[in-house]
Amino acid sequence: MTRAARGLSLAMVGIVVLLATLAAGLVIGLLMRWRDGRLRAVRPRAGAGTAGSGGTAPGTSERAGGVTGEEIGAELGERATLVQFSTAFCQPCRATRRILDEVAAMVPGVRHVEIDAENRLDLVRRYGVMRTPTVLILDGSGNVVKRASGQPRKVDVIAALGAAVAADGGSDGRR
């Protein structure tokens, strides 16, 4: 093989590697864009331990009773609670705050609680928060039923709230 043919062969390998890298990046980017802000169900864990057990999967409640108002530093809603993890310089967090405030105002018995992720690392670890905003939807008992990483759409939050309220036995706020 001549020197020119070998150089051309190496150039072709480089082009193939470049194209494969670009294709992989495109697929990963599209997947991340598709998942961004989507609310997904959280499976309850049977036999969850205590806060010190360390054996909890991300996004699950560590105790069978769920989250309490004391743990998050605010009173829970009677029917459901929208918990938002955010940071000071997060632009999508501002839009998410607006959306969750509007939804909480529309639905009686629903409360929006915003948690500063930088100051509550214990909760960030407990719920596997990898980015902000992260939204957790709690039912009336404080169990996490849905979660989203990224800015959720308003209609998706409303639909998830309907499922959370139905899962909690359809309480009408008269406890």
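The dialogue below treats salt bridges and then the disulfide bond.

Tutor: A word on the source comes before the features. This is a predicted model, in which local features need pLDDT of at least 70 and side-chain atom pairs count only at pLDDT 80 or more, while totals for chains, interfaces and linings use all residues. Residues are numbered from 1 along each chain as its sequence is written, and side-chain values use heavy atoms, with hydrogens and water left out.

Student: What is a salt bridge, and how many does the structure hold?

Tutor: Side chains of opposite charge can pair when their charged atoms come close. The term is used here for a side-chain nitrogen of Lys or Arg within 4 Å of a carboxyl oxygen of Asp or Glu. The structure holds 6 salt bridges.

Student: Which residue forms a salt bridge with Arg126?

Tutor: The partner of Arg126 is Glu71, and their closest N and O atoms lie 3.2 Å apart. This pair links distant parts of the chain, 55 residues apart: Arg126 belongs to helix H4 (residues 121-126) and Glu71 to helix H2 (residues 69-72). Helices (H or I, at least four residues) and strands (E, at least two) are DSSP runs, numbered from the N terminus.

Student: Is Arg126 buried or exposed?

Tutor: Buried means under 20% relative accessible area, exposed means over 50%, and partly exposed lies in between (1.4 Å probe, protein chains only). Arg126 counts as buried because its relative accessibility is 9%. Glu71, at 22%, is partly exposed.

Student: Where does the salt bridge of Arg97 and Glu114 lie in the chain?

Tutor: The side chains of Arg97 and Glu114 meet at 2.7 Å, N to O. The pair again links distant parts of the chain, with Arg97 in helix H3 (residues 91-106) and Glu114 in strand E3 (residues 110-116), 17 residues apart. Arg97 is partly exposed at 30%, and Glu114 is partly exposed at 32%.

Student: Which residues are linked in a network of salt bridges?

Tutor: Arg98, Glu102 and Lys154 are linked in such a network. A further salt bridge joins the side chains of Arg120 and Asp122 (3.1 Å, N to O). Arg120 is partly exposed at 24%, as is Asp122 at 44%.

Student: Which residues does a disulfide join?

Tutor: A disulfide is a pair of cysteine sulfur atoms within 2.5 Å, and by this rule the count comes to 1. Cys90 is joined to Cys93, with an S to S distance of 2.2 Å. Their link is right-handed, with 85° about the S-S bond. Both Cys90 and Cys93 are buried.
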